[in-house]
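Colleague: I am new to this structure and would like to learn how to read its features. Could we take them one at a time?

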Amino acid sequence: MRPSSVIVDVAEGVARVTLNRPEAANTIDLTLARELMEASLEVAGNQDIRAVLLTGEGRVFCGGGDLKSFRAHDGPLDRHLLEVTTYLHAALSRMSRLAVPVVAAVQGSAAGAGVGLACSADIVIAAESTRFVMAYKQVGLSPDGSATWLLPRIVGLRRALELMLTNRVLGAAEAMSMGLITEVVPEAELNERAALVAKTLAEGPTIALGNTRRLLRQSLDETLESQMELESLALAASARTGDALEGIAAFLEKRDPNFKGR
């Protein structure tokens with residue numbers, strides 16, 4: 001029996017979601033796409049989870065779509081890709097709407113939909129040797145995996161066009177300079193650093209962090225006035241939590257807060 005393509009482990013409030021096809025560079029086939037959607041539902045439904053850490057097993061974070069499985073599929077390619085992206089996009093949509101922060105640890109390379117998957121996280125930490133490439137031009141396909149929505153918002157329309165139309169490869173340092181990733185660390189420190197960031201977020205006021213995440217992600221689709229109204233509502237919702245009372249008390253008492261996520 002084929003092992004799980006996506007593994008979810010929960011410990012100390014952090015859900016580690018691992019792409020688990022290292023022998024295939026964690027490329028996305030129908031099974032992985034479906035299991036990633038199922039993982040997103042599992043994470044969204046677990047009230048004990050306070051942060052998510054997205055990783056890839058092996059040397060490569062995610063090599064994009066599994067071209068071998070696409071060619072081997074018995075049936076029309078277009079229908080098969082519609083099925084794969086239906087699951088993949090459902091997973092990305094659900095992850096974008098989680099009420100907790102998401103951290104991605106990226107090593108080796110992120111290609112095609114792997115770039116979109118990495119960029120869907122709130123904080124992206126990459127190893128120094130990591131490479132990023134859109135890759136679609138090389139195989140005669142257009143982008144998926146939320147890349148055409150995310151990249152213009154992260155790096156700007158002109159830069160997104162260049163990356164998608166030319167297939168230029170980015171090193172980690174350049175990717176960070178244009179805002180594609182958050183932090184670059186030595187290869188040997190990647191897992192430890194990403195786990196620490198996720199753990200720190202999990203120890204924070206996760207309702208307030210979730211509200212912040214949602215506000216920022218929807219801001220470009222709102223007017224100034226409508227966004228400020230959403231800010232007021234989210235602020236009031238945060239104020240109704242025990243975390244707000246604890247945070248204010250800790251600040252005034254000059255001690256570290258003990259947030260409970262409720």
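Colleague: Where is A188 found?

Modeller: The model is a predicted one. A188 sits in the loop between strand 9 (183–185) and helix 8 (190–202).

Colleague: Is A188 buried or exposed?

Modeller: A residue counts as exposed when its relative accessible area is over 50%. A188 has a relative accessibility of 78%, so A188 counts as exposed.

Colleague: What separates the C-alpha atoms of A188 and A72?

Modeller: These two residues are 116 residues apart along the chain, and their C-alpha atoms are separated by 36 Å.

Colleague: Take S142 next. In which loop does S142 lie, and is S142 buried or exposed?

Modeller: S142 belongs to the loop between strand 7 (131–133) and helix 5. Its relative accessible area is 57%, so S142 is exposed.

Colleague: What is the phi of A135, and where is A135 found?

Modeller: Phi of A135 is near 75°, a positive value in a residue other than glycine. A135 is found in the loop between strand 7 and helix 5.

Colleague: And what is the phi of N167?

Modeller: N167 is not a glycine either, and its phi is positive, at about 65°. N167 is in the loop between helix 6 (157–166) and strand 8 (170–171).

Colleague: Is N167 buried or exposed?

Modeller: Buried means under 20% relative accessible area. N167 has 14%, so N167 is buried.

Colleague: Where does N20 lie, and what does N20 touch?

Modeller: N20 lies in the loop between strand 2 (14–19) and helix 1 (30–44). With a relative accessible area of 16%, N20 is buried. Leaving aside residues up to four places away in sequence, N20 touches S4, S5, V6, I7, N26 and E57.

Colleague: Now the whole chain. How many helices and strands are there?

Modeller: The protein has eleven helices and nine strands.

Colleague: What does the radius of gyration of the protein agree with?

Modeller: The value can be set against that of a compact globule with the same number of residues. For 262 residues such a globule would have a radius of gyration near 18 Å, and the protein has 19 Å, which agrees. The C-alpha trace spans about 60 × 45 × 35 Å along its principal axes.

Colleague: What share of the residues count as buried, and what supplies the exposed area?

Modeller: Of the 262 residues, 43% count as buried. The protein exposes about 13800 Å², and 57% of that is supplied by carbon and sulfur atoms.

Colleague: Among contacts between residues at least 6 apart in sequence, what share join residues at least 24 apart?

Modeller: In this protein that share is 68%.

Colleague: How is empty space found?

Modeller: Rolling a probe the size of a water molecule over the atoms shows where empty space is left. In this structure, the largest pocket has a volume of about 940 Å³. Its lining has 33 residues, and S120, D122, W149, L150 and R217 are the closest to its centre. Two or more lining residues come from each of helix 3 (77–96), strand 6 (123–127), helix 5 (147–155) and helix 9 (206–218).

Colleague: Which element gives the most to the lining of the largest pocket?

Modeller: Helix 9 does, with seven residues. By class, the lining of the largest pocket has 16 nonpolar, ten polar and seven charged residues.

Colleague: How much space lies in the second largest pocket?

Modeller: About 530 Å³. The second largest pocket is lined by 25 residues, and those nearest its centre are G64, G65, L67, F70 and L141. Helix 2 (67–72) and helix 3 are the elements that give two or more residues to this lining. Helix 3 gives the most, with four residues. The classes in the lining of the second largest pocket are 14 nonpolar, eight polar and three charged.

Colleague: How many cavities of 30 Å³ or more does the structure hold?

Modeller: A cavity differs from a pocket in that the probe fits but cannot get out. The structure holds one cavity of 30 Å³ or more. The largest cavity has a volume of about 40 Å³.

Colleague: Which residues line the largest cavity?

Modeller: V115, F132, V133, M134, L151, L163, R168, L170 and L180 line the largest cavity. By class they divide into eight nonpolar, no polar and one charged.

Definitions and conventions
Residues are numbered from 1 along each chain as its sequence is written. This is a predicted model: local features need pLDDT of at least 70, side-chain atom pairs count only at pLDDT 80 or more; totals for chains, interfaces and linings use all residues. Side-chain values use heavy atoms; hydrogens and water are left out. On a 1 Å grid over the protein atoms alone, a cavity is a set of points where a 1.4 Å probe fits but cannot get out, and a pocket is an open set with protein on both sides within 12 Å along at least five of seven lines; lining residues have an atom within 4 Å of a point. Grid points are joined across faces, edges and corners, and a volume is the space filled by probe spheres set on the points. Ala, Val, Leu, Ile, Met, Phe, Trp, Tyr, Cys and Pro count as nonpolar, Asp, Glu, Lys and Arg as charged, and the others, Gly among them, as polar. The radius of gyration is taken over C-alpha atoms; the globule rule is 2.2 Å times the number of residues to the power 0.38. Buried means under 20% relative accessible area, exposed over 50%, partly exposed in between (1.4 Å probe, protein chains only). Contact means heavy atoms within 4.5 Å. Accessible areas come from the Shrake-Rupley method with a 1.4 Å probe; for residues, only the protein chains shown count as cover.
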